[in-house]
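Here's a quick briefing to read with the viewer open.

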Amino acid sequence: MTRLKTQKLMTDVLIVGGGTAGCYAALTIARHSKLKVTIAEKANIKRSGCLAAGVNAINAYIVDGKTPDFYADYATKDANGIVRRDLLLSAAKLFNSTTAELEKLGLVILKDENGKYVSRGNRNIKINGENIKPILAKAVKAEENISIINNLNITDLIVKNNRALGAVGFKTDENTAYEIYAKAVLIATGGASGLYKPNNPGFSRHKMWYPPFNTGAGYAMGIRSGAEMTSFEMRFIALRCKDTIAPTGTIAQGVGAKQVNSKGDVYETKYGLTTSERVYGTVEENRLGNGPCYLRTSVIDKSKDNDLLKAYLNMAPSQTLKWIESGKNPSEQDVEISGTEPYIVGGHTASGYWVNTNRETTINGLYAAGDVAGGCPQKYVTGAFAEGEIAALDIIRKYADAEIETYEEVFESKLGEYEKILGGSNEKFTAQSLEEAMQKVMDEYAGGISTGYSFNEKQLDLADEKIDKLITLADQLSAEDTYEMMYVYELRERLVVCKVLIAHLRARKETRWHTFNENLDYPDTDPNYFGYVNSKYENGKIDIIFRDIVQEAEYEHKN
Amino acid sequence: MSIRIDKQKCVGCFQCTAVCPGSLIRKSDTGKAYIKYPENCWGCVSCVKECRFGAIDFFLGADIGGVGSTMNVSYEGDIIHWNIHKYDGTQITIDVNSKDSNQY
Ligand SMILES: Cc1cc2nc3c(=O)[nH]c(=O)nc-3n(C[C@H](O)[C@H](O)[C@H](O)COP(=O)(O)OP(=O)(O)OC[C@H]3O[C@@H](n4cnc5c(N)ncnc54)[C@H](O)[C@@H]3O)c2cc1C
Ligand code: SF4
Ligand code: SF4
């Protein structure tokens with residue numbers, strides 16, 4: 001039996017996940033109150049999460065002459081109406097001030113000769129995003145009232161009578177289990193990748209768009225604690241450079257490259273220009289035999305090559321290496337594109353925790369911000385900052401004077417579970433082999449790449465059955481050390497997310513967004529489903545809750 | 001997608017170990033860094049940028065079209081030199097000024 005050391009901590013605010021939203025929230029609390037903040041981060045806040053490699057632009061910005069309403073209208077249309085306008089507007093109002101804050105911290109933003117930010121289209125501004133995370137992390141480290149615990153993988157929330165009291169987890173670099181209690185908890189663990197078989201399932205299986213280390217932990221913890229979730233069926237499928245899975249915005253919006261098929265026909269206008277329609281068009285063109293599909297960079301002037309190579313070095317260096325290895329610059333060849341495997345990510349689509357306008361979840365004292373929070377698609381980096389700020393300010397208002405309450409039972413049972421995994425031996429299955437099995441099931445039966453993202457109800461039933469079997473097997477896994485135990489928990493988290501995702505896909509009996517929920521039994525949009533599909537896990541089963549579109553400017557949980 | 005670490009150049013500072021968002025890099029018995037789970041590498045190149053000794057090379061796996069070129073970085077003030085050693089023996093360096101914004 002492997003015994004773990006234990007560590008019990010009390011703090012005012014616990015932030016789970018030191019990424020974009022988590023770091024910004026910590027900074028906000030430190031600057032607006034005297035509360036002590038603890039960040040629990042599974043890796044190291046310097047480069048953890050979505051911002052690791054850098055980002056190419058501020059995707060959500062209110063450019064000169066536009067308004068937050070303009071932004072909300074755009075995001076609403078792109079999501080075919082299934083959004084929370086209160087969330088979109090409250091985030092959009094902070095896009096610019098949070099950007100200005102980052103600039104103060106050292107982020108480089110492109111300016112014209114009059115000192116004005118240079119916009120890219122109607123909603124973006126151009127930056128050098130290579131070091132955006134180290135800049136943020138440095139500011140966080142400088143705050144006296146923030147403690148950072150790196151390499152601490154949180155597995156569960158401590159919740160009693162629907163009130164969040166803290167969280168438990170273990171260090172991946174030593175044999176210590178942690179129980180942390182706080183007045184309020186902010187969950188900021190990002191979205192979920194690795195649910196479906198990826199584009200490159202072999203050696204480069206982690207060469208995916210979304211960080212393979214964001215495994216949906218925050219969703220899973222909330223689901224298991226009975227938090228309400230929304231819109232998981234609005235999966236996100238990204239259109240990316242083939243193989244490197246590098247972002248395409250820099251060539252599509254940046255130099256205006258059009259989507260063309262192998263015959264050279266521009267097809268994007270044929271299928272529509274929303275995010276999901278752009279993916280759909282590409283899938284359809286391939287199905288019709290018109291593939292491969294490309295972004296036509298071969299028509300750009302070669303004077304742009306060097307800046308494109310540099311721009312990619314600042315966010316996706318693999319694409320620059322690919323151009324150089326091929327011996328041809330962007331202006332000399334088109335960039336082949338493909339859809340990725342589906343992700344659950346609230347920064348792009350609307351999946352995640354169901355929150356009130358202040359980003360408090362349906363569990364009291366538990367807040368959610370960034371990709372883990374639902375209802376507010378296309379919020380991206382600045383939206384994660386904005387939600388971190390909104391949640392932080394509400395925590396100060398509502399919970400600064402709350403009592404810290406302990407509840408040891410959760411930790412004791414978790415400690416037992418950790419030690420059992422570390423002490424066990426399983427010669428048949430590993431986290432890795434079960435992950436592959438899960439990805440295959442989701443790919444084949446729940447609308448992965450191999451079926452062109454489409455599914456029917458019979459397939460979903462099978463997927464559900466097979467995921468249940470894998471959940472049973474995952475309960476029997478063992479691990480050599482605490483680091484490998486993290487892989488066991490990552491798998492379990494993903495399986496929980498898969499279960500809920502399947503339930504959501506089944507509940508929305510229509511096709512509201514091509515590819516994102518391409519339901520072959522119900523291929524059309526049905527006005528009866530103009531509303532949210534939400535869910536709650538209670539007594540071992542997932543209950544689906546249909547909710548009407550929120551009209552209020554401020555939304556508060558009612559039941 | 002992966003990286004390789006040159007044992008000769010590695011001085012054992014373990015900055016790469018600290019920074020990897022997947023915590024994939026470990027300390028070997030001989031005090032050098034090695035990637036324990038190469039197939040779990042995201043290819044974010046955080047470790048490549050963190051290593052001030054040019055000991056970490058980044059390359060593309062054959063399954064995504066890689067043919068053997070590698071890339072690492074060196075620094076000079078605000079300039080990041082991205083040194084690309086092509087599979088055919090030639091070398092290309094692209095300089096990026098970290099004070100300059102992307103143009104696109
Ligand atoms: C490759 C890529 C490129 C992008 N480019 C752009 C762009 O150019 N412009 C733009 O505006 N947006 C861009 N986005 C979107 C934007 O980066 C994200 O929406 C945003 O960063 C999400 O912030 P977050 O805080 O929710 O997640 P993250 O920043 O990913 O933070 C999540 C954190 O939680 C930690 N964590 C996870 N699980 C646990 C656990 N169990 N215990 C403890 N810690 C845990 C992770 O390690 C991570 O540090 C991009 C996203 C990606 C993936
Ligand atoms: S950062 Fe470079 S020198 Fe330091 S341990 Fe890693 S590989 Fe070795
Ligand atoms: S490239 Fe990124 S994921 Fe891969 S080892 Fe280096 S830091 Fe880790």
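This is a predicted model: local features need pLDDT of at least 70, side-chain atom pairs count only at pLDDT 80 or more; totals for chains, interfaces and linings use all residues.

**Confidence and ground rules**

Residues are numbered from 1 along each chain as its sequence is written, with chains lettered from A and ligands numbered from 1 in the order in which they are written. The scores are ipTM 0.96 and pTM 0.98.

**Ligand 1**

- There are 33 residues around ligand 1 (a heavy atom within 4 Å), and Thr20(A), Glu41(A), Ser48(A), Ala57(A) and Asp371(A) come nearest.
- Sorted by class, that shell holds 16 nonpolar, 14 polar and three charged residues; here Ala, Val, Leu, Ile, Met, Phe, Trp, Tyr, Cys and Pro count as nonpolar, Asp, Glu, Lys and Arg as charged, and the others, Gly among them, as polar.
- Now the polar contacts, meaning pairs of N or O atoms within 3.5 Å: the side chain of Ser48(A) puts an N or O atom 2.7 Å from an oxygen atom of ligand 1.
- Cys50(A) uses a backbone N or O atom instead, 2.8 Å from a ligand 1 oxygen atom.
- For Ile154(A), a polar backbone atom sits 2.9 Å from a nitrogen atom of ligand 1.
- On its own, ligand 1 has 1,000 Å² of accessible area (Shrake-Rupley, 1.4 Å probe), and the protein covers 97% of that.
- Two or more shell residues each come from α1 (20-32), β4 (55-58), β9 (152-160) and α11 (380-399) of chain A; these are DSSP runs, with helices (H or I) of at least four residues and strands (E) of at least two, numbered from the N terminus.

**Chain A meets chain B**

- The contact (heavy atoms within 4.5 Å) draws 57 residues from chain A and 51 residues from chain B.
- Between them the chains bury about 4,600 Å², 58% of it on carbon and sulfur atoms; buried area is the accessible area (1.4 Å probe) lost on putting two parts together, summed over both.
- On the chain B side, Trp42(B), Asn102(B) and Tyr104(B) lose the most area to chain A, together 22% of what that side buries.

- Most residues other than glycine have a negative phi, and most peptide bonds are trans.
- Gly291(A) and Pro292(A) are joined by a cis peptide bond, with omega about -10 degrees; Pro292(A) is in the loop between α8 (275-287) and β16 (294-295) of chain A.
- Asn161(A) has a positive phi, near 50 degrees, and belongs to the loop between β9 and β10 (163-171) of chain A.

Technical notes. Side-chain values use heavy atoms; hydrogens and water are left out. A polar contact is a pair of N or O atoms within 3.5 Å; within protein, one must be able to donate a hydrogen and the other to accept it, and residues adjacent in sequence count only if both atoms are side-chain atoms.
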